[in-house]
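Hello,

Here is the structure I promised to pass on. Please have a look, then read my notes below it.

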Amino acid sequence: MANNKIKKLTPTQQEYRQLALKRQPARPVALNCLRAFIVGGLICALGQGIQEAFMHFAHMSQKEAAAPTVAVLIAASVVLTAAGVYDKLGQWAGAGSAVPVTGFANAMSSAAIEHRSEGLVLGTGANMFKLAGSVIVFGTVAAFIIALLRFIFGYGG
């Protein structure tokens with residue numbers, strides 16, 4: 001008889017979820033979208049400024065300036081990640097800091113920094129490429145499919 005009373009007082013998973021949802025603070029979705037838009041846009045504008053600087057000062061074409069621009073953005077992201085700045089930016093901006101190439105560099109470098117005590121190969125190398133592996137595989141498969149479609153349908157560049 002005592003067990004019946006205990007079972008009746010125990011909330012079910014559905015009741016617990018409803019209770020948790022009631023007590024969960026509301027998320028400022030519009031503000032989060034605005035922050036992501038602003039930070040993502042500023043990162044892209046910074047990249048455009050870096051590319052323009054390469055084009056103006058190094059007399060590169062737009063195509064030639066693309067690779068060093070990405071390299072500078074990646075290096076800046078790694079330095080800011082090591083200093084602990086990029087993670088704070090990511091907490092404030094959300095997806096706005098995760099979408100550009102700087103977010104990918106942050107994810108790889110933070111995994112490398114976090115696991116460096118486990119050694120260079122099994123710690124840094126293995127954990128750094130957990131994320132990169134899936135991205136590289138997806139990029140390779142997508143590039144193969146696009147190349148195959150271009151070959152089949154004869155689109156030339």
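Predicted model: local features only at pLDDT ≥ 70, side-chain atom pairs only at ≥ 80, totals over all residues.

Helix packing, part one. Start with helix α3, residues 29-57, and helix α4, residues 62-82. They pack at an angle of about 130°. Their axes lie 8 Å apart. Angles over 145 degrees would count as roughly antiparallel, and 65 to 115 as roughly perpendicular. The pair α3 and α4 is therefore oblique. The crossing of these two helices is right-handed.

Helix packing, part two. Helix α4 also packs against helix α7, which covers residues 101-114. Here the angle is about 40°, and the axes are again 8 Å apart. The cut-off for roughly parallel is under 35 degrees. So α4 and α7 are oblique to each other as well. The crossing of α4 past α7 is right-handed.

Now the residues I looked at in α3. A45 sits in this helix. Its relative accessibility is 45%, so A45 counts as partly exposed. A45 and S97 are 52 residues apart along the chain. Their C-alpha atoms are separated by 13 Å. A53 is also found in α3. With a relative accessible area of 30%, A53 is partly exposed too.

In α7, look at S109. Is S109 buried or exposed? Its relative accessible area is 9%, and under 20% means buried, so S109 is buried. S109 and G40 are 69 residues apart in sequence. In space, the C-alpha distance between S109 and G40 is 19 Å.

The loop. Between α3 and α4 you will find H59. Check its backbone: phi is positive, at about 55°, although H59 is not a glycine. H59 has a relative accessible area of 68%, so it is exposed.

The surface patch. Which residues make the nonpolar surface patch of about 1200 Å²? They are V137, V141, F144, I145, I146, L148, L149, F151, I152, F153 and Y155. One of them, F144, is placed in helix α8, residues 120-153. F144 has 57% relative accessibility, and the cut-off for exposed is over 50%, so F144 counts as exposed.

To recap. Helix α4 packs with α3 at about 130° and with α7 at about 40°. H59 brings a positive phi to the loop between α3 and α4.

Best wishes

Methods. Residues numbered from 1 in each chain as written. Heavy atoms only, no water. Patch = residues over 30% accessible without salt bridge, like charges linked within 9 Å, V, L, I, M, F, W, Y side chains within 5 Å. Areas by Shrake-Rupley, 256 points an atom, 1.4 Å probe, with all protein chains shown as cover. Salt bridge = Lys/Arg side-chain N within 4 Å of Asp/Glu carboxyl O. Helix = DSSP H or I, 4+ residues; strand = E, 2+ residues; numbered from the N terminus. Buried < 20%, exposed > 50% of the residue type's maximum accessible area, 1.4 Å probe, protein only. Axes fitted to C-alpha atoms, helices over the stretch in contact; angles between N-to-C directions. Left-handed = near helix turned anticlockwise from the far one by under 90°.
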